[in-house]
Structure formats: structure tokens, C-alpha cells
Amino acid sequence: VFFAFMVNHAKILKLSKGYRGAANNIFRVSIQAVYRAQTNQYKDRKHRKRSYRTLWIARINAAVQYYGVNYSRFMGYYSKLGIGLNRKMLAELAVSEPISFRAIATYVVSQFKDVEEARLIPARERAKLWVTRDTLTDEQNAMTQVFVDALNKKTKE
Amino acid sequence: FFFVMLRTPRCMVGKGFIATGKRVLHEGNKAKRNWYFIDAKEQVVGRLASQIAKLIIGKHKPTFDPSVVCGDNVVVTNAKDVTLTRNQWKRKLYRWHTGYPGGLREMPAWRMKERFPERVLEKAVWGMLPKNKLRYHRFKLLRVYPEGEHNHHAQLNKAAPLPPHFKFHAKPKEGLLPKDDPMAHLREFYVVKIQQSEDAIRADGIYIPSIKEEKKREKQIHRYVHRRPVQVQDLPDFGEYFVDVHNEPVKRPYGFDDVDLVHEEVAENRAAGIEPPADPRREEVDEALFHKHQAEIKENAEAVDQDPTPREKKNDDND
């Protein structure tokens with residue numbers, strides 16, 4: 001190494017090993033390829049976190065279908081229960097510890113069994129249930145009973 | 001095949017695992033491939049095709065890996081009896097360009113059904129696969145037959161029941177299912193018995209396999225048995241929704257005294273004066289034999305030391 005520029009060029013050329021043609025040899029060509037490679041590395045360190053998460057989600061979705069739910073509903077219930085596992089661990093369990101995953105999935109689904117059953121009821125009957133909620137006061141309940149009776153009359157007709 | 005693959009993708013050139021030293025996410029390329037047999041009679045094209053695409057991509061498996069072909073084989077029969085809603089048989093146009101000027105061609109769906117009945121489903125599935133280098137190779141997992149006959153009777157013993165959330169396989173009405181239907185065995189999911197007993201075969205006098213074939217069958221059974229996936233045991237009722245792991249009965253088929261016993265039980269047994277049963281797997285070492293063997297080794301070593309050149313006796317006549 002005789003000149004100062006050789007030190008800096010050597011750094012870049014070391015990074016460009018395995019590139020095609022002049023890009024692994026010639027500084028003026030390789031610096032362009034190395035710029036692109038470094039920016040892609042920076043980007044993909046962020047993308048890596050996203051792509052692994054999508055993989056875990058796809059795997060959990062596949063595993064949870066066998067218990068009668070899909071990923072979106074399962075996660076909605078799961079996050080309310082306070083089990084601390086993240087998606088990475090759930091996906092690992094689904095693959096390598098199926099019995100443990102089964103325990104988690106059945107527990108989650110059973111805690112929200114009433115919600116799932118309510119989804120199966122058609123909308124009109126669901127409205128009847130909604131009207132008679134416990135959060136209403138007695139006066140409000142009495143008022144709403146009028147509407148409930150009207151709905152019942154309509155279905156009978 | 002209705003188009004030509006121009007170049008094999010780099011990911012498929014190697015065999016088996018991606019041998020680059022990178023971490024592989026579980027099974028990947030070596031995932032077990034099931035065979036699903038589907039009857040497309042009176043099924044809507046698009047709805048059926050989306051389910052088939054899911055099976056072929058492998059999205060019904062928790063070991064799904066998008067970088068690799070990890071789907072299952074699907075055999076579809078009676079593709080000519082598939083349905084399209086509304087006026088699509090008349091109005092839906094399949095379009096392509098021949099490459100020459102003014103070469104835009106159109107074909108309505110009814111005409112496609114006349115000329116190439118299986119392509120109606122094939123094109124639907126082809127369009128639903130992710131558009132990447134694995135599309136061609138995933139599509140090869142699908143076999144579509146317009147009529148009820150298929151070539152895959154040898155794979156019927158690998159046939160698997162569809163996953164429960166794939167519900168499109170509606171049973172046809174009983175009037176359409178005569179008893180002599182040759183594909184009746186596909187209406188209900190079915191596994192062929194791998195081997196009949198020798199007496200039964202010889203009594204019928206129909207077929208006596210040779211020794212080679214019998215060995216082959218044994219190998220198949222061995223492989224099938226030892227590649228079974230983990231069987232999820234029947235767990236007890238969770239009751240109010242939780243498993244009480246600590247109060248479950250513990251099964252102890254072996255009699256070791258130092259493995260998996262709870263400390264309390266060990267203390268109880270000791271207090272009661274019960275000794276653990278003798279382990280049948282442990283062999284009692286014969287100490288006299290052992291010392292004798294050691295002495296022999298020492299003698300041999302001393303003999304070798306006394307005779308410094310034991311290997312000089314060579315016959316030079318072979319040159």
C-alpha cells in the first residue's frame with residue numbers, strides 16, 4: 001500500500017467481493033454497487049423484522065384455523081386475556097409443541113365462546129340481545145322492551 | 001401445459017435443503033406432502049380455486065415457508081362439470097396475444113370448456129398463486145382431470161382428509177350417486193390398506209407377492225409408521241377452561257428410581273421403607289471379569305514393549 005487512497009479503496013473493494021465483472025475489481029465501478037448494497041442492507045435490517053412477523057402471523061393463522069377461528073379474531077381474544085407470549089413464540093409452539101398450542105388455543109376460544117356463538121345468530125336476533133343489555137338502567141330497559149316487542153311481532157308475521 | 005417455462009429458478013436447482021449454512025425454518029422443502037382428492041362437480045370455479053391455491057401454497061400448515069415449495073398435491077376430477085354463475089359461460093372471455101400485430105385473440109368460457117375443459121379451473125388457480133419464481137413449481141402440484149378417471153390410484157394410500165375449514169366439498173344428492181359409481185371411494189375420505197394378510201391372499205389364489213415385493217411393502221409400512229406426525233393425545237376435559245397440570249395422574253411405565261419422581265413421593269417411599277424396583281435394563285457388571293480383562297490388556301502391552309520390532313518379519317518374495 002503505497003498511497004493514501006489505497007487504504008480507503010481497499011475498504012470498499014473488500015466489501016465488493018463476489019460481485020460481477022468490474023464491480024469486484026475497479027474502484028470506480030464497485031463503489032456504485034457497494035453504495036446500493038449498503039443501503040439495501042440498512043433497509044432490509046428494518047424489513048427483516050417485518051417479514052418474520054408476517055411469517056409468524058401466517059403460521060399462527062394456519063394453526064388456529066383448526067380450532068374454528070381465524071387469526072384476527074384469535075388475536076383479538078388473546079390480547080384481552082393477558083397471556084404474555086408473542087407471535088414468535090406462538091408460531092414456534094404451533095410447530096414444535098402442538099399440545100401446548102392446543103391448550104392455549106382451546107383456552108382462548110372457550111373464554112370467548114359466547115361471542116363466537118353470537119356471531120352465528122342472524123342480525124335481527126342479535127339486535128334483540130343488544131337491546132336488553134345489563135348496562136342500561138331499569139327505565140331504559142323498560143323503554144327498549146317496546147322495541148323488542150315490535151321486533152318479535154315482525155318476525156312472527 | 002398451456003405455457004412454457006423458460007428458465008428454472010435458482011432456488012429449485014439444488015436438491016433438498018437450501019445448503020448455504022443459513023438457518024432454515026423448520027421443514028421447508030422436506031415437508032411431508034399429502035395427497036388430496038377433490039371432486040369438482042357443481043362447484044363454483046373461483047371459490048374452489050381459492051381453496052385449492054391455499055392447499056398448494058401450503059398455507060394450511062403451521063410449517064408454511066414462502067421461500068420454498070411446501071404445499072400438498074391436489075387431484076381434481078370431474079373438472080368439466082364445474083359451474084360459473086350468471087352469464088359467465090357466455091360473457092367471460094379468455095384473452096391472449098399471439099405476438100403478431102393484430103393478434104389479440106378471445107375465447108368465451110363455453111368454448112374453452114368444449115376444447116380444453118380442464119383449463120377453466122387451471123387458469124383460475126394459476127391466477128391465484130403468488131406471482132414469483134415458485135408459481136410454476138407450485139402449479140405442478142395440481143393435477144386436473146376433466147372426467148372421473150385419474151392416474152393416481154397408487155397415491156390413494158397417501159390420501160388425507162381435507163382440513164376441517166375447507167368446506168366446499170358438498171355431497172351431491174343421492175340420486176346422482178349410483179352404487180356403481182367408480183369414484184365412490186373419493187366421496188368419503190379413504191385410506192387403502194397397505195398389506196393384506198398372507199393367508200387371505202393365498203386362500204383367494206389371486207395374487208402372491210414375491211419376496212422382493214414383500215420386502216418393499218415392509219419398507220413402505222416402516223416408513224409410514226415412523227413418519228407419522230405427532231398425535232395429539234386426547235386431553236382431559238378442561239372443566240371450567242383450564243388445565244390443572246399438577247394434579248393430573250402421572251404415568252410411570254418404567255421403574256427407574258432417579259428419574260422424574262417427585263421429591264415428595266421419594267421421601268414418602270423412603271419413610272415407608274419401600275425400595276424402588278430393580279431396573280430390568282441395567283446389566284450387572286461382573287467385576288471379576290473386568291479385572292481379568294484389564295490384566296490381559298496389561299500383559300499384552302508388556303509383551304509388545306519387550307519385543308520392540310514385531311513387524312520386521314516380511315516376505316519380500318511378492319515383488
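# Reading a two-chain predicted model

Biologist: Leaving aside neighbours within four places in sequence, I find that A:S16 is in contact with A:A23, A:N24, A:S30 and A:V34. Where is the place of A:S16 in chain A, and why does A:S16 count as buried or exposed?

Modeller: Bear in mind from the outset that this is a predicted model. A:S16 is placed in the loop that runs between α1 (4–15) and α2 of chain A. Because buried means under 20% relative accessible area, the 0% computed for A:S16 makes this serine a buried residue.

Biologist: How should I read a helix, and which residues of α5(A) are buried?

Modeller: The general idea is that an α-helix has 3.6 residues a turn, so residues three or four places apart point the same way. In α5(A), the buried residues are A:F101, A:I104, A:A105, A:V108, A:V109 and A:S110. These buried residues pack against four elements of chain A, namely α2 (27–65), α3 (71–81), α4 (87–96) and α6 (113–120).

Biologist: What should the 14 residues of helix α5 of chain A span, and how far apart are its end C-alpha atoms?

Modeller: At 1.5 Å a residue, helix α5 (residues 98–111) should span 20 Å, and because its end C-alpha atoms are 20 Å apart, the model agrees with that expectation.

Biologist: Turning to nonpolar cores, how many residues has the largest one, and which of them have the most contacts inside it?

Modeller: The largest nonpolar core holds 41 residues, and those with the most contacts inside it are B:I38, B:I52, B:V74, B:V76, B:L121 and B:L142. Two or more residues are given to this core by α2 of chain A, and likewise by β1 (35–39), α1 (45–57), β2 (73–77), α3 (109–115), α4 (119–128) and β5 (142–144) of chain B. The largest share, 8 residues, is the contribution of α1(B). Another core, of 19 residues, lies apart from it, and A:A63, A:L90, A:I104 and A:F112 are among its members.

Biologist: Which residues is B:V74 in contact with, once its neighbours within four places in sequence are left aside?

Modeller: B:V74 is then in contact with B:Y36, B:I38, B:I52, B:L55, B:I56, B:L141, B:L142 and B:R143.

Biologist: Next comes backbone geometry: which phi has B:E42, and which has B:N78?

Modeller: B:E42 has a positive phi of about 60 degrees although this residue is not a glycine, and B:N78, not a glycine either, has a positive phi of about 60 degrees. B:E42 lies in the loop between β1 and α1 of chain B, where its relative accessible area of 49% makes it partly exposed. B:N78 lies in the loop between β2 and α2 (88–91) of chain B, and with a relative accessible area of 8% this asparagine is buried.

Biologist: How can I read a strand residue such as B:E106, and which residues is it in contact with, leaving aside neighbours within four places in sequence?

Modeller: B:E106 lies in strand β4 (residues 104–108) of chain B, and its contacts are with B:L93, B:Y94, B:R95 and B:W96. Although B:E106 and B:Y94 are 12 residues apart along the chain, their C-alpha atoms are separated by 5.6 Å. The side chain of B:E106 also makes a polar contact with the side chain of B:R95, at 3.0 Å, while B:E106 itself counts as partly exposed at 44% relative accessibility.

Biologist: Where is B:H150 found, and which backbone nitrogen lies 2.9 Å from a polar atom of its side chain?

Modeller: B:H150 is found in the loop between β5 and α6 (184–187) of chain B, and it is buried, with a relative accessible area of 4%. The backbone nitrogen in question belongs to B:H152.

Biologist: Finally, what is the mean pLDDT of chain B, and over which residues is the pLDDT below 50?

Modeller: For chain B the mean pLDDT is 73, and 57% of its residues reach 70 or more. Over residues 6–22 of chain B the pLDDT is below 50, and this stretch has 15 contacts in the model beyond near neighbours in sequence. Residues 171–182 of chain B also stay under 50, and for these the model has 4 contacts beyond four places in sequence. The model as a whole scores ipTM 0.74 and pTM 0.59.

Notes. Residues numbered from 1 in each chain as written. Chains lettered and ligands numbered in written order. Predicted model: local features only at pLDDT ≥ 70, side-chain atom pairs only at ≥ 80, totals over all residues. Heavy atoms only, no water. Expected span 1.5 Å × (residues − 1). Buried < 20%, exposed > 50% of the residue type's maximum accessible area, 1.4 Å probe, protein only. Contact = heavy atoms within 4.5 Å. Core = buried A, V, L, I, M, F, W, Y, C linked by side-chain atoms within 4.5 Å. pLDDT = per-residue confidence, 0-100. Polar contact = N/O pair within 3.5 Å; in protein donor to acceptor, adjacent residues only side chain to side chain.
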